[in-house]
Amino acid sequence: MAKLTYFGLYALQHRGQESAGIATSNGSQLLVYKDMGLVSQVFDETALNALQGHIAIGHARYSTTGGSTWENAQPTLGPTAAGTVALGHNGNLTNSAELVDLVAERYGSQRRGELARGNTTDTALITALLAGDPDHTLEATALEVLPRLRGAFCLVFMDERTLYAARDPQGVRPLVLGRLERGWVVASETSALDIVGASYVREVEPGEFIAIDSDGLRSTRFAPIDRAGCVFEYVYLARPDTTINGRSVHAARVAMGRRLAVEHPVEADLVIPVPESGTPAAVGYAAKSGIPFGQGLTKNAYVGRTFIQPSQTLRQLGIRLKLNPLKDVIRGKRLVVVDDTIVRGNTQRALVRMLRESGAAEVHIRITAPPVKWPCFYGIDFASRAELIANGLGVEEIARSLGADSLGYLSEEGMIAATEQPASQLCTACFSGHYPIELPPSEQLGKHLLEQSELPLGQPEDGLLSIVPATGGATALDHP
């Protein structure tokens, strides 16, 4: 199971590159192994062979609450009334401040479990709340806790004998259910099912709680569906070979490119993508416009996504490492450069400079989404509005800032139409400023909210102190 989970995490590496972890159970004991780095850096044969059992969960982290530290890596581990729980979380809660008070009210001000070991994530709060009491099973506790969570959350968690999964009532992030010959699989994207040889069964419904044990699968609804799926999954975040709510991500991106060619035509000699997420849209733009498609940029396959690196310095280094122009292809050409979004503008500014230095006659930027003007509080780290280039600058001003000859954004209507989803069932907050899940006051939001010393949880005094950061898979057998 650990190796199957390892390959599933490999398929989902694009969703988080800061840390990775796997938890397994043999029916009587849970073991969690996690470390900082990519999936391939964290695990080796020694580590995977140590993770024995018939139930497993895995996680690749992209931090949106809590810093990028070992203590915040997942799966988290915590006590329950009848055993232990390991939990992985994709998304971001918006009522963490409220949940801090609830943890203190139920379990006292002394920090326990993950919170005692310095974990400062909303995931640790969920894990703490699942502790429950002797009169309730973990399943019963979960059904009481889940309706109290606000924001975006896709959860997979397990105790010694049962695998659980849950998805927020809005279904902001994707979560799907698959079937193996001898078991079940839950994953963030359908592409992970393909990699491990599982057949797609259906989506985990928004507001649905699933339990899987030796008796099979049970489904319970903890909240009514109020669908608001993240449109940014179609634009950028998900793999192109994933299907979300019945719509192929690749097909949606090609359609975005075709609509972009209609909305923002230009006379040019070549359409080139910014790989990889811009490639399907560039194919669509070229097909609709009649301008030839070409590969004008080479991507280093061993450099991760610059967007989800945790610091500005790493982002800027990553841009230069990630892309290199094919000078013979672009020299003397009028280029249409198709990309998915402009967030801070750093990638496109460096890109335009590289293309000009390589002899491009003109550079016309075309973006398959509207201007990003608002931060995301549901699982994407856009940070503050001040960092977003589209705030305070018009389209022509942004084009000048980037050094481009022209700039065209796809309209919100065109983007939504390409997804083939009803506009009322999508979250477009980062483009429109309309947040489908109510937000608390600004002082109760922020990546480092749970690192504040005045939180009513006391000082770390206990916890699973025997768990220490590992230096690699070779140490997997040296600690619990």
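Student: Which residues does UniProt place under the feature "binding site"?

Tutor: UniProt positions follow the numbering used here, feature names are shortened, and annotations may be inferred rather than shown by experiment; here the unreviewed entry places the "binding site" at S277, D339 and D340. They span 64 residues in sequence, yet no two of their C-alpha atoms are more than 7.3 Å apart, so they gather at one spot. Residues are numbered from 1 along each chain as its sequence is written. The model is predicted, local features need pLDDT of at least 70, side-chain atom pairs count only at pLDDT 80 or more, totals for chains, interfaces and linings use all residues, and side-chain values use heavy atoms, with hydrogens and water left out.

Student: Is D339 buried or exposed?

Tutor: Buried means under 20% relative accessible area, exposed over 50%, and partly exposed in between (1.4 Å probe, protein chains only); D339, at 5% relative accessibility, counts as buried. D339 lies in strand 19, residues 334-339, where strands (E, at least two residues) and helices (H or I, at least four) are DSSP runs numbered from the N terminus.

Student: Which residues is D340 in contact with, leaving aside its neighbours within four places in sequence?

Tutor: Contact means heavy atoms within 4.5 Å, and for D340 the residues include S277, G278, I367 and T368. D340 sits in the loop between strand 19 and helix 14 (346-357), and D340 is buried as well, with a relative accessible area of 5%.
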